[in-house]
Structure formats: structure tokens, C-alpha cells
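I set down what I looked up, entry by entry.

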Amino acid sequence: MRAITVITGGSTPERDVALAGAAQVVLALRERGHQVSVVDTTHGELRGEMEAAFLATRVNTKPPSHADLETLRAQELGPRLVELPAIKNADVNFLVLHGHQAEGGTLQAMFDLSHICYTGSGPLGSALAMDKDMSKRILRHANIATPAWRLWPTQMTLVEELGLPLIVKPSKVGSSVGLTLLHDTTALDAAVAEALTYDDEVLLEQFIAGPELTVGILNGRALGVGEIIPSHDLFDYECKYTPGCCEEVFPAQIDRELTERIQTIGLDVHVALKLRDFSRVDFRVDADGVPYCLEANTLPGLTATSLLPQSARSIGMDLGELCESICESAYNRKVSGTK
């Protein structure tokens, strides 16, 4: 039995996703005999009824309002987190957090400086994967196909080169928050304005019309490949967290060659972005069968219906085993003194 603290919540648009994932992780680790505490980065340690109230098992179909997020940001503990006994005294701190403030590398750097053991990628890998513009530059340098893109603002001629439909999204936000699939450039300004409410950088990205595939990575191993079949044009926030809005098929009903190709490229992406322990890598496949990497997620969702647990389950690994394996990787670094 180990003392594990699950750090969750936060003040990002993906707060609800984090709390729902934490509910599953806490339950899975406790069932495997671990002593588990819970910390919300905005409220501190959660105990008893407060823990039960915060750890919702379902995600709202829309992100929290901007007003609610502003209130939560004012409550962020920031550097005071390292002073909490639940975090300082834990054998492992399990990060179930999403969004730039929580998985963009700042929290990880603070924990490194304080010699606090935590799960997942370090500061550099976290920052590289979160910044979609930077990660796409690295992937292209590594000869890994990724959809063409431009940072806004840019010349309209360059926007037109990307073609329609066009993806408009915040550069450093996950869960498809603030994302628009644009069919007409007359709506470009509105789509950019929507993205800018969540981030200070906006990415315009070529839309690859083809199957959307995903693969989990765990300790140097590619897990099962899944296909995402949304009822919308796109696997957006509402579609991800509304029951019945999306079909997720694990293992994906694709041939062995494409499965192995996705797994190989997923591992290549994980290495190129200097990631650690685990990640989830998302793709779209074009009409010629070429996989294009959309992004890598350093702290992928861990809700009951999230894709990484499904990827693990498709090769016979339940959520408890997955979480315990993630903890073991972090604990082994702590014991060996490695990064």
C-alpha cells in the first residue's frame, strides 16, 4: 500500500473533466488497497463529504462559464500547493488535471524544484505537447505527418491555402474547448473570437476528412488503437461528454497494417515531444491512407468513458492496472533519483 494523492480540479475550462476523471482514479486505486487523498488546486485537500461533492462522475455538456472560471482562478493555490502535507508526504502525486495552467509544464516545474514526485511528463514535454503550434513544428521536423496550419493573424491567401472546411482552435487548450469547424470564411472572425476567449493564440488548421483514430502509450508500449465516430461533424466538447453522441470502437475495425502504423507513429510522437510514462496520440487518416497526427495529450482524460482507459482495456488492462502502472513509473523515478 502506498500513500497516493490525486491532484485534480483546477481553474481551466476542463475542470469538470478533471474532477470526473479523478473520481474514477480514486476509486480504482482505493480498490487496489492504496491510501488515497484528494487535492483540488483551487480548494486544497478534499475530505469526507467535500470529496464526495466535488468528485462528480459525469461531465457537463458545456465547459464552466467564464465568470465561474475567473472566480476559481482567484482561488488557485499556486506555489502554496507544495506546502500541503497531502502533497509533500505522498509517495506519489497522481495528476488528473487538464488545460494549459495545469498540464502546460508550470506545475511540473514547480514540483521538480520542490522534489515532489508526480505522474506523467516533465516540464519540457508538457509544454511542448500543450503548445500545438510548437508541437506541430517538432513533428514536421521529425518527418511525422501533421495537418498544415497557420497561427492567427495571417494573410487571407494563406488561410485559403488551408482549404475548407477549416479547423479554428485555441493553441494551448484541450478537450476541443473553443474549437470551430469552419465551412465558410465569412465566419472566420467569429470563430477566432471564440477561440481567443480561451487562449491568447489561435491555430487555423487544415481539416483532414477521414477516420479519426487514437492510441494510448504506456511505458514505451503502444496500447490498443480505437476509432472515434462522432454524431457531429467533429469530435467536439459536447460530443465527447454527452452520452450517445459518439461511438468509440476499441479495437478499431481497421487492417493490421494501419493498426501497427498508428502504434509505431504514436510511439514516435511520444519520443519526439520528450514525453514520459504515458500519453494519448490522436490521428486522422486521409483518403490515401496516410495518418496525420493531430496532437499528443500528456494528461489524457481518465473518466469512465475516456479514450486512454478504453485503449488499455482493449488489450486486457483495467483502469486499476493502468493507474497503478502510471504510479509505479513515477515512484521508480523517485527511488532511483532520475527524471
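Predicted model: local features only at pLDDT ≥ 70, side-chain atom pairs only at ≥ 80, totals over all residues.

Entry 1: I then turned to Phe-111, which has 0% relative accessibility and so counts as buried.

**Entry 2: a charge over a ring.** I next looked up Arg-2 and found that it lies over the face of Tyr-331, 3.6 Å from the ring centre.

**Entry 3: helix 1 and helix 14.** I noted that helix 1 (residues 15-31) packs against helix 14 (residues 319-336) with the axes 9 Å apart, at an angle of about 90°. Helix 1 is therefore roughly perpendicular to helix 14. The contact residues divide into six nonpolar, two polar and one charged. From helix 1, Gln-24, Val-25, Ala-28 and Leu-29 take part; they meet Leu-319, Gly-320, Cys-323, Glu-324 and Cys-327 of helix 14.

**Entry 4: helix 7 and helix 8.** Which residues meet between helix 7 and helix 8? I found Leu-128, Ala-129 and Met-130 of helix 7 in contact with Lys-132, Met-134, Ser-135 and Ile-138 of helix 8. By class, I listed five nonpolar, one polar and one charged residues in this contact. The axes of helix 7 (residues 123-130) and helix 8 (residues 132-141) come within 5 Å and cross at roughly 100°, so helix 7 is roughly perpendicular to helix 8.

Key
Residues numbered from 1 in each chain as written. Heavy atoms only, no water. Buried < 20%, exposed > 50% of the residue type's maximum accessible area, 1.4 Å probe, protein only. Lys NZ or Arg CZ within 6 Å of the ring centre and 35° of its normal. Axes fitted to C-alpha atoms, helices over the stretch in contact; angles between N-to-C directions. Helix = DSSP H or I, 4+ residues; strand = E, 2+ residues; numbered from the N terminus. Parallel < 35°, antiparallel > 145°, perpendicular 65-115°, else oblique. Contact = heavy atoms within 4.5 Å. Nonpolar A, V, L, I, M, F, W, Y, C, P; charged D, E, K, R; others polar.
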